[in-house]
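This report covers the pockets and the ring contacts of one protein model. The sequence and the structure come first.

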Amino acid sequence: DGNLFVLCGGQRGGLCRIDPVTGQTRWNIPCNEASYATPVVATLGGVEQVVFVTRNRIVGSDLSGNVLWAYDQPNAGLTNVPTPLPLDGRPDQLLVSGQGTGGTRSLQIQNQDGQWSVTELWFNKLARFFYGNWMQVSNDVIVGCVEKFSLALDLDDGETVGRWRKFANGNLVRLGDRLIAALDGRGNLSLVKISDTGLVEVFRCSTLEGRFWTPPSIVGKQLFLRQGERVACYDLQSAAGAGNTLSEPAFLDYR
């Protein structure tokens, strides 16, 4: 929508809105310590806003830089990595997770005549999505990766409804209505089908060596992976063939 937001740390850290044409900072909401979570634009309480997570707070701001609401983290001072997750089909509901949240929380953000309130709907202390991202796979279920396996949670009560001992410390990206690409922390790439009974791995291969922190990106039939200073591009169409191999990657100089 033409807006450009940046979350940065340091003494002048916080959420900044930067003009994408001139590069000038239009406004800045400072915070004591930034986290690793990416800001997200969502409509909550009937107002389009940007939600961002620091190490000790979750904050909603309108697009003019006015803070609408804030929620203090129960366990401040640790990293929060997953992007805050607004939910399709569940208006005004927001999920947050990370070390600083102590687990995964469902928050309801309400606006009554300009008076904002934040209500915790449920909390699952065992579902701590720390290193990777997560996604909503249906109106009732979200899936994400924790330190040793992947989890599915019921959005009504936060209870665990599925667990798979794969994709540890992984990141997910949707390929279609029923297909996910899962990249674990060691560079193993899986294509995973969403079935009525859970997640079914239909393809798996190794990619680059090293520790992976960044989610994969999809452009058409190409998949981009970043590992350290390297970026590799794979042809996803080759995954439809026989054998657990992808096309040889074309490397880009990330520097």
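## Burial and the aromatic pair

A residue counts as buried when its relative accessible area is under 20%. The model is predicted. Phenylalanine 129 has 0% relative accessibility and is therefore buried. Tryptophan 134, at 6%, also falls in the buried class.

A search of the whole structure gives one aromatic pair. It is formed by phenylalanine 129 and tryptophan 134, whose ring centres are 5.3 Å apart. Planes under 30 degrees apart would count as stacked and over 60 as edge-to-face; the planes here are at 50°, so the pair is tilted.

## Arginines over rings

Two phenylalanine rings have an arginine over the face. Arginine 105 is placed over phenylalanine 123, 3.9 Å from the ring centre. For arginine 163 over phenylalanine 149, the distance to the ring centre is 4.9 Å.

## Largest pocket

The largest pocket holds about 400 Å³ of space. Its lining consists of 14 residues, and those nearest the centre are Tyr36, Val81, Tyr131, Trp213 and Pro215. Seven of the lining residues are nonpolar and seven are polar, with no charged residues.

## Second largest pocket

The second largest pocket has a volume of about 300 Å³. It is lined by 16 residues, with Leu126, Arg128, Val146, Glu147 and Phe149 closest to its centre. By class, this lining comprises eight nonpolar, four polar and four charged residues. Phe149, one of the residues closest to the centre of this pocket, is also the ring that arginine 163 lies over.

Methods:
Residues numbered from 1 in each chain as written. Predicted model: local features only at pLDDT ≥ 70, side-chain atom pairs only at ≥ 80, totals over all residues. Heavy atoms only, no water. 1 Å grid on protein atoms, 1.4 Å probe; cavity = no way out; pocket = protein on both sides within 12 Å on 5 of 7 lines; lining within 4 Å. Points joined across faces, edges and corners; volume = space filled by probe spheres on them. Nonpolar A, V, L, I, M, F, W, Y, C, P; charged D, E, K, R; others polar. Phe/Tyr/Trp six-rings, centres within 6.5 Å; stacked < 30°, edge-to-face > 60°. Buried < 20%, exposed > 50% of the residue type's maximum accessible area, 1.4 Å probe, protein only. Lys NZ or Arg CZ within 6 Å of the ring centre and 35° of its normal.
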